[in-house]
Amino acid sequence: MKNIYLVLLLLLGFISCNDDEKAVDIVFEQAQVGAILRTQSVENLTFDTSALQRSIQFTLEYQDGQETSLFSDVEVFISFVDNTPENGDDSRSAQNFRVLTDQDFTEGINGLPITDVTVTTQELLDAFGFSTSQVTCTDRFIIDLQLNLTDNRSFTHANSIGPIISFAGALSSPFTYDIYVVDGIDDESFTGNYSYTSIEDGFGGPTIITPAILEISTSRPNARSFEIFRDQQQTVTGGVLVRSEVEFTIACDQIILTRYVRSSIVCSSEVEGDVHVLLGPDINLNNTANPNDDTVFNLRFLEAFEGNDGFCNWPLTPSEVRFSKQ
């Protein structure tokens with residue numbers, strides 16, 4: 001079978017398709033040499049009101065199919081979503097924040113250009129003329145990247161497919177990062193071994209099946225992660241163990257799933273490789289956690305988030321899981 005993962009990795013092709021076209025055929029017939037900005041590492045992605053000196057910081061690695069010769073620049077945009085509009089809605093649309101040129105990149109350990117993106121909390125505020133009193137826990141800044149190539153093509157999260165944008169995937173190039181306003185918690189809270197129960201099943205049943213006990217650890221300030229997998233696949237993978245990293249942020253009384261988490265649901269017979277139904281946060285997340293008590297919390301999310309259905313017509317479906325500390 002033609003391997004969509006191999007094509008994506010070697011050609012880095014960006015495609016779009018309608019429901020009645022086979023994704024694999026489209027990759028081979030329409031794929032062009034593209035480019036990605038792989039998330040190499042993340043130091044911090046929260047606006048912590050208790051640690052305003054802590055900057056937003058993550059590292060990007062650029063790759064294309066032409067030995068990096070296609071690179072032009074990266075435009076960085078910032079927007080703001082006011083999730084606490086009780087005192088007025090201060091939401092702001094995206095505005096250009098800075099431009100990264102080849103001078104901002106150096107050669108990394110893989111022989112590819114890398115750059116550290118650093119944004120201070122004051123810079124986030126200044127971008128919209130805000131004071132600290134205008135941002136509240138669970139509000140969200142968004143950093144969006146637009147990768148521009150020398151042939152006049154541009155790539156963002158809007159024109160990239162699931163295997164490219166998936167969190168902690170092989171390519172891991174989402175082009176977009178959520179910066180939640182949080183009241184910081186210590187690194188030990190919401191960590192350890194947890195059992196779990198499906199409160200609301202997804203489209204094909206409980207979204208999380210194995211392992212029976214999840215080990216949750218601190219992945220970065222105010223964020224936690226754990227690993228899930230499915231060892232029974234009714235697909236072309238033939239029962240292979242499919243592992244996925246799940247990450248969430250704790251913002252006051254909300255547990256917020258990172259966008260584009262791989263679900264370990266691999267349901268299409270048309271494709272193989274790093275192609276999963278992706279998960280993302282639900283809208284109503286109030287009271288999913290008590291920041292002062294980590295013994296029980298709920299993770300509420302959507303399957304096939306933003307249409308990322310793993311090429312198998314998986315519908316947008318809410319799901320909820322309750323975690324209990326052991």
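How much space lies in the largest cavity of this protein? About 30 Å³. Keep in mind that you're looking at a predicted model, so let's start with confidence and then head inside.

**How confident is the prediction?**
- Averaged over the protein, the pLDDT comes to 87, and 84% of the residues reach at least 70.

**The nonpolar cores**
- In soluble globular proteins, nonpolar side chains tend to be buried together.
- Here, the largest nonpolar core is made of 40 residues. Y62, F141, I143, L145 and L147 have the most contacts inside it.
- Several elements each supply at least two residues of this core, including the strands β1 (35–44), β4 (71–81) and β8 (140–149), plus the helix α3 (121–128).
- Take a look at F141: leaving out residues up to four places away in sequence, it touches F47, I78, L124, F128, Y177 and V181, among others.
- Another core, of 23 residues, lies apart from that one, and L279, F297, L299 and V321 are among its members.

**The cavity**
- The count comes to 1 cavity of 30 Å³ or more.
- Its lining is formed by T207, I208, I228, V246, L279, L299 and F301.
- Sort those lining residues by type and you get 6 nonpolar, 1 polar and no charged.

Methods. Residues numbered from 1 in each chain as written. Predicted model: local features only at pLDDT ≥ 70, side-chain atom pairs only at ≥ 80, totals over all residues. Heavy atoms only, no water. 1 Å grid on protein atoms, 1.4 Å probe; cavity = no way out; pocket = protein on both sides within 12 Å on 5 of 7 lines; lining within 4 Å. Points joined across faces, edges and corners; volume = space filled by probe spheres on them. Nonpolar A, V, L, I, M, F, W, Y, C, P; charged D, E, K, R; others polar. Core = buried A, V, L, I, M, F, W, Y, C linked by side-chain atoms within 4.5 Å. Buried < 20%, exposed > 50% of the residue type's maximum accessible area, 1.4 Å probe, protein only. Helix = DSSP H or I, 4+ residues; strand = E, 2+ residues; numbered from the N terminus. Contact = heavy atoms within 4.5 Å. pLDDT = per-residue confidence, 0-100.
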